[in-house]
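Trainee: I am new to this structure and would be grateful for a close look at a single part of it. Might we take the open sheet and the helices that pack on it?

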Amino acid sequence: MPLSRDSALETANVLSESLPYIQRFAGKTLVIKYGGNAMTDKALQAGFARDIVLMKLIGINPIVIHGGGPQIGQMLSDLNIESKFINGMRVTDSRTMEIVEMVLGGQVNKGIVDLISRAGGKAIGLTGKDSGFIQAKKLFVKHQSESMDTPEQIDIGHVGEVVSIDTSVLKVLENSDLIPVIAPIGVDSEGNSYNINADLVAGKVAEAVNAEKLILLTNIAGLQDKAGNVLTGLSTLEVDALIADGTIYGGMLPKISCALSAVNAGVTSAHIIDGRVPHATLLEIFTDAGVGTLISNSSQT
Ligand SMILES: Nc1ncnc2c1ncn2[C@@H]1O[C@H](COP(=O)(O)OP(=O)(O)O)[C@@H](O)[C@H]1O
Ligand SMILES: CC(=O)N[C@@H](CCC(=O)OP(=O)(O)O)C(=O)O
């Protein structure tokens, strides 16, 4: 059905108002982390894919890193395997690692590639094993109780941290119409696979490509204090205090730590936003009134 003249005018106004934002971000790289908890609703998923396709078409270079924690959890539970987390990281034995690779590299990654195709874009799904572009090493989780003088290092299996990112494959894609969709799996020089928290991969990719923005889409309105108020513009010291008093815990720990690390390494801003809001990514890019939690270079001084 054709648009009425009034609504056509409204659409034209909206498009015209987006011009300064398009000019600001055209040619820039935005790293978008699509959390497993933000992927649940079909309409939201389709909206997310449309936003990414639109970005690429107007000259922004989106790089999607996805999670899939709940999807891995579902598969493990179907197989009667228990999920266990320490400091927001999944304890990953050999069997769990096999499931993680299947779910992240297969089901979730190809699901997002497919969504982007259906929205008219061209996506290419990668894990860090493709051309070995995410080099990783074993991550030990630090834990300190009151009775300990120094923190202990806990071995949680095949869990990795990023050692290096080879950006050459991402550069090739940047100069094409292909959108990279990356599963957070790393590899070492001996071919061992590592399950890496997707926030950490997103932060390191953003640092490596010198991204303009790191956007972390999750299932909450942003970083909150104990009363539920969304906090924004935090410094490293303020974040440390919120971790120490237990305000920040679980899955928010890697999120906030990668956001801080990315801006300290030169990414202009990192945003933790609510992926349950339709078109959350476009709202973040095309409005001045920031949604969610913003961490920027200026809040670190
Ligand atoms: N201070 C905090 N503010 C907001 N959320 C927090 C905070 N501390 C812990 N969380 C938890 O972190 C969760 C987000 O992390 P996670 O479940 O890993 O999401 P994702 O799948 O998007 O990575 C929130 O749903 C919330 O339960
Ligand atoms: C080590 C570790 O915890 N890896 C994560 C990888 C997926 C992920 O990060 O997914 P979300 O972003 O949806 O939480 C996991 O196994 O759940």
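Mentor: What follows describes the sheet, then the helices beside it. Please bear in mind that this is a predicted model. The open sheet has seven strands in the order β5-β8-β2-β1-β11-β12-β13, and its pairing is mixed. At the edges stand β5 (122–127) and β13 (293–296); each has a single partner strand, so one side of each is left without a neighbour in the sheet. On average, neighbouring strands are turned by 20° against each other, direction ignored. Within the sheet, β1 (residues 29–34) and β11 (residues 213–218) pair in the parallel sense over five bridges. Ile32 has Ile215 in β11 as its bridge partner.

Helix α3 (residues 42–57) packs on this sheet and touches β1, β2 (61–66) and β8 (178–183). The direction of α3 makes about 150° with that of β2. Helix α5 lies across β1, β2, β5 and β8, and runs at about 155° to β8.

Helix α5 (residues 94–118) also meets helix α4 (residues 69–78): their axes come within 10 Å and cross at roughly 125°. The two helices are therefore oblique to each other, and α4 passes α5 in a right-handed crossing. From α4, the residues Gln71, Ile72, Met75 and Leu76 take part in the contact, with partners in α5 that include Ile99, Val103 and Gln107. By class, this contact has eight nonpolar, three polar and no charged residues.

Conventions:
Residues numbered from 1 in each chain as written. Chains lettered and ligands numbered in written order. Predicted model: local features only at pLDDT ≥ 70, side-chain atom pairs only at ≥ 80, totals over all residues. Axes fitted to C-alpha atoms, helices over the stretch in contact; angles between N-to-C directions. Helix = DSSP H or I, 4+ residues; strand = E, 2+ residues; numbered from the N terminus. Parallel < 35°, antiparallel > 145°, perpendicular 65-115°, else oblique. Left-handed = near helix turned anticlockwise from the far one by under 90°. Contact = placed C-beta atoms within 7 Å. Nonpolar A, V, L, I, M, F, W, Y, C, P; charged D, E, K, R; others polar. Pairing = 2+ DSSP bridges.
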